[in-house]
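Visitor: Could you take me on a close look at one part of this protein? I am new to this, so please go step by step.

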Amino acid sequence: MKPHDTWEVLPHGELERLADNLYTVEGKLRMPLGETSRRMTVVRLQGNRLAIYSAIALDDARMAKLESLGAPAFLIVPNALHRIDARPWQRRYPYIEVIAPHGAADKVSKVVPIDANQADFGDARVTLEPVLGTDQRELAMMVETETGKTLVINDLIFNLPPRKGLMGFGMRVLGFGPGHPTIPRAVKRKLIADEWEVKTQLRDWAGLDGLERIVVSHGAPIENPRETLLELAGEA
């Protein structure tokens with residue numbers, strides 16, 4: 001989908017609280033064969049600041065709610081495909097620091113200026129790192145909350161519900177919508193550079209103490225993270 005030049009609000013839901021320092025909102029995108037979902041994650045950092053992962057332009061009421069949580073300080077463009085609302089976000093908050101992975105910098109920089117490939121959030125609870133095996137084309141974020149750890153990832157894992165009709169058939173062929181977490185075949189071709197390293201990354205995440213959920217950019221949060229990661233490591 002072509003990146004937006006202006007603040008274009010597409011259908012989306014409410015800003016949902018997952019933890020005291022973690023919020024998310026699901027939006028919708030019109031695709032050639034139908035509608036699919038996308039997700040933005042918002043992290044409250046120390047110092048009344050926010051980190052925005054995979055930005056979505058929200059309506060006035062939801063933006064007011066978001067801004068009540070803190071000042072947007074970091075705009076994370078997690079890979080080259082999630083640039084749709086990066087430019088209007090940067091224009092709305094010209095002081096925001098734009099972070100994009102090194103392996104996607106050429107494409108992202110055509111849409112929005114990049115300040116860095118990594119971030120020091122000034123908050124020990126939140127870290128950002130390239131996903132192993134993707135040739136630094138995707139960034140993942142780890143957020144510690146009052147109850148555990150949440151892994152925030154972008155296109156490596158999808159968790160879309162099963163779809164009917166022509167779109168459902170097409171998505172199943174590509175591995176996007178079987179009704180459970182998956183690494184779609186199209187993602188493997190475009191994102192994964194080293195399957196062994198990706199398997200290592202998935203197993204490393206699965207071994208983390210206190211991991212309670214995975215927030216994905218396409219689909220519902222995954223509430224059985226360890227089992228899901230180990231299963232996907234066997235399929236990567």
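Guide: Happy to! Two residues are in contact here when they have heavy atoms within 4.5 Å of each other. Please keep in mind that this is a predicted model.

Buried means under 20% relative accessible area, and R38 counts as buried because its relative accessibility is 7%. Its side chain is joined to that of D85 by a polar contact of 3.0 Å. Leaving aside neighbours within four places in sequence, R38 is in contact with residues including L10, V25, E26, G27, A55, I84, D85 and H218.

Now for the nonpolar surroundings. The largest nonpolar core has 25 residues, and M40, V42, I52, L66 and W89 are those with the most contacts inside it. Strand β3 is among the elements that give two or more residues to this core, along with β2 (22–31), β4 (49–53), α1 (60–69) and α2 (86–92). The largest share, three residues, comes from α1. If you pick out V42, you will find that it touches L15, N21, L22, Y23, L50, A51, I52 and L66, not counting residues up to four places away in sequence.

There is also a second, separate core of 24 residues, which includes L151, I192, I222 and A233. A233 is also one of the buried residues of helix α7 (residues 225–233), together with P225, T228, L229 and L232.

Definitions and conventions
Residues numbered from 1 in each chain as written. Predicted model: local features only at pLDDT ≥ 70, side-chain atom pairs only at ≥ 80, totals over all residues. Heavy atoms only, no water. Buried < 20%, exposed > 50% of the residue type's maximum accessible area, 1.4 Å probe, protein only. Polar contact = N/O pair within 3.5 Å; in protein donor to acceptor, adjacent residues only side chain to side chain. Core = buried A, V, L, I, M, F, W, Y, C linked by side-chain atoms within 4.5 Å. Helix = DSSP H or I, 4+ residues; strand = E, 2+ residues; numbered from the N terminus.
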